Amino acid sequence: MKRIVSTEGAYLFDEDGNRVLDAISSWWVITHGHRHPVIMRAIREATETYDQVIFAEYSHEPAECLAEGLLAVAPTGLKHVFFSDSGSTSVEVALKMALGYFHNIGETRDRIVVMEHGYHGDTIGTMSAGERGVFNAAYAPLLFGVDRVPFPKQGLEKQTLDAFETACGTGRVAAILLEPLVLGAGGMLTYAPDVLTAIRQIADRAGCLVITDEVMTGWGRTGTMFACEQAGLLPDILCTSKGLTGGALPLAATLCTSEIFDAHLSTDRRKTFFHFSSYTANPIACAAGVANLEVWKNEDVAARIKTMELYHRTSLQRFEGDERFSAVRQAGTIAALDLNVTASGYLADVGPRMRKLFRERGLLIRPLGNVIYMMPPYCVTPSELATTYDAIDEVASIILGRS
Ligand SMILES: Cc1ncc(COP(=O)(O)O)c(C=O)c1O
């Protein structure tokens with residue numbers, strides 16, 4: 001364990017004076033770069049006026065401004081924002097909104113459909129919705145049942161769609177919860193936008209809701225502001241966190257349609273959306289969120305994303321057909337490939353071994369088992385990216401005993 005003493009741009013600086021390239025954006029949160037000056041200034045200024053303020057009965061400008069700005073960049077149809085404080089809570093809120101909606105309109109729909117290999121967080125509800133395995137086996141007695149559809153592997157997409165259609169056949173499905181285009185913690189698994197388009201159509205026919213968990217994919221990671229845009233998918237509920245403040249402070253939001261909001265708006269207080277959290281809409285975090293929107297508006301973030309996309313595309317080519325690797329893939333600014341080893345699960349020691357070798361080369365890269373991936377902040381330069389590609393080449397050869 002190393003102590004980090006400061007951060008700047010694409011780098012972490014440790015207590016021994018080492019500079020570490022943060023090639024995974026500190027668990028996918030830092031979008032523009034560490035300590036972006038516009039965001040840092042907004043935080044400093046907000047602390048002159050605010051600390052935490054109750055977010056019931058009272059409101060404040062940073063939250064209102066952020067909600068407005070967020071809806072302006074979100075997919076059409078999303079009209080309301082519910083703030084919380086982490087990706088997990090944004091998904092918990094989404095699940096409660098979906099069930100609350102059907103409860104309040106008097107329709108019996110109590111099933112949630114999820115995708116195999118999904119990850120939505122580490123709270124009880126999100127673990128229930130996520131892939132079951134070593135991470136949550138001990139807590140199985142607390143987890144609730146969901147309906148799972150297979151991951152839409154290339155060429156097998158129909159199986160996913162058929163399974164969803166079958167699940168919907170019961171008439172009990174309230175919502176399908178998905179990570180659009182890329183399943184992050186499940187191994188950076190990518191799938192085609194068409195699948196999302198078809199899922200939306202099935203959901204519409206069946207009268208159930210679509211929840212997109214854009215906690216990881218949001219804020220440009222897959223090349224567009226939100227991944228669902230690439231499928232023209234208009235979700236009923238969208239979860240966002242991580243890049244919402246450029247990664248500087250913890251904050252999350254769950255966006256929903258007017259239909260869902262209205263179903264919870266009633267003089268009958270039993271229809272209230274019951275979810276409260278002490279730090280909801282923390283003004284300083286909201287000010288960071290507003291500043292993040294300013295960065296998107298005033299800087300050419302899209303151009304940085306395009307440059308990174310292009311760089312990944314050309315650099316990954318060197319590993320295509322390389323027998324050390326398989327499943328070389330990319331989704332926007334995310335690049336991933338599997339190292340061909342026999343013991344490949346998340347707990348296989350190839351992961352920690354690679355991590356150590358990357359760290360020795362000044363890189364923060366944390367493979368998911370044998371899956372090596374990069375998701376750097378957008379300020380990273382092509383020459384910095386080149387060092388990560390060279391390191392992957394070298395580390396793979398060391399692990400496979402070919403150096
Ligand atoms: C898709 C997705 N949903 C939810 C979460 C949980 O977010 P948090 O760790 O902020 O609770 C994550 C975290 O990586 C995620 O990738």
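Trainee: In strand β11 (residues 237-240), are the faces covered or open, and which residues are on them?

Mentor: This is a predicted model, in which local features need pLDDT of at least 70, side-chain atom pairs count only at pLDDT 80 or more, and totals for chains, interfaces and linings use all residues. Residues are numbered from 1 along each chain as its sequence is written, and side-chain values use heavy atoms, without hydrogens and water. Buried means under 20% relative accessible area (1.4 Å probe, protein chains only). Both faces of β11 are covered, with buried I237 and C239 on one side and buried L238 and T240 on the other.

Trainee: Which residue of strand β12 (residues 252-256) stands opposite C239?

Mentor: Strands are DSSP runs of E of at least two residues, numbered from the N terminus, and two of them pair if DSSP finds at least two bridges between them. β10 (residues 209-213) is parallel to β11 over 3 bridges, and D213 has C239 as its bridge partner. β11 and β12 are antiparallel, joined by 4 bridges. In β12, the residue opposite C239 is T254.

Trainee: At what angle do helix α10 (residues 301-316) and helix α12 (residues 382-399) pack?

Mentor: Helices are DSSP runs of H or I of at least four residues. Axes are lines fitted to C-alpha atoms over the stretch in contact, with angles from 0 to 180 degrees between N-to-C directions, and contact means heavy atoms within 4.5 Å. The axes of α10 and α12 are 11 Å apart, and the angle is about 35°.

Note on methods
Buried < 20%, exposed > 50% of the residue type's maximum accessible area, 1.4 Å probe, protein only.
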